[in-house]
Amino acid sequence: MNLKGTKSANVSFNNQGKIVIEQWSDDFGKPVTIYLTADQLQQIDMWVFRNQEEIEAAWNDGVE
């Protein structure tokens, strides 16, 4: 997969047991924070696994 425009992200857990992902957004000019439960992360992982070829093709064609 050709990665375009990737930035590092900070990942941690909050006191409610949620996964916290924080990444700088050039569009917003500030960090963007996403909160996920373990179940939500697992659902995303399964969706990505099922659609991996389409995701890679779109990414390599310049979809960001």
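The hairpin of strand 1 and strand 2 has 5 residues between the strands, and within this hairpin Gly 17 takes a positive phi near 85°. The model is predicted: local features need pLDDT of at least 70, side-chain atom pairs count only at pLDDT 80 or more, and totals for chains, interfaces and linings use all residues. Residues are numbered from 1 along each chain as its sequence is written, and side-chain values use heavy atoms, with hydrogens and water left out.

Strands here are DSSP runs of E with at least two residues, helices are runs of H or I with at least four, and both are numbered from the N terminus. Strand 1 covers residues 9-13 and strand 2 covers residues 19-25; the two run antiparallel and are joined by 5 bridges. Two strands count as paired if DSSP finds at least two bridges between them. Strands of a sheet pair through backbone hydrogen bonds, either parallel or antiparallel.

Strand 3 spans residues 30-36, runs antiparallel to strand 2, and is joined to strand 2 by 7 bridges. Among the partners in strand 3, Lys 30 is bridged to Ser 25, Pro 31 to Trp 24, and Val 32 to Gln 23.

Put together, the 3 strands make an open sheet in the order 1-2-3, with antiparallel pairing. Strand 1 and strand 3 are the edge strands, as each pairs on one side only. From one strand to the next, the twist averages 20°. Helix 1, residues 38-50, packs on this sheet and touches strand 2 and strand 3. Its direction makes about 100° with that of strand 3. Such angles run from 0 to 180 degrees between N-to-C directions, with axes fitted as lines to C-alpha atoms, for helices over the stretch in contact. Contact means heavy atoms within 4.5 Å.

What pattern does the protein chain follow along the sequence? Read in that direction, the pattern is β-β-β-α-α, and the secondary structure comes to 2 helices and 3 strands.

Of the 64 residues of the protein chain, 8% count as buried (under 20% relative accessible area, with a 1.4 Å probe and protein chains only). Among contacts between residues at least 6 apart in sequence, 18% join residues at least 24 apart.

Terms used:
Buried means under 20% relative accessible area, exposed over 50%, partly exposed in between (1.4 Å probe, protein chains only).
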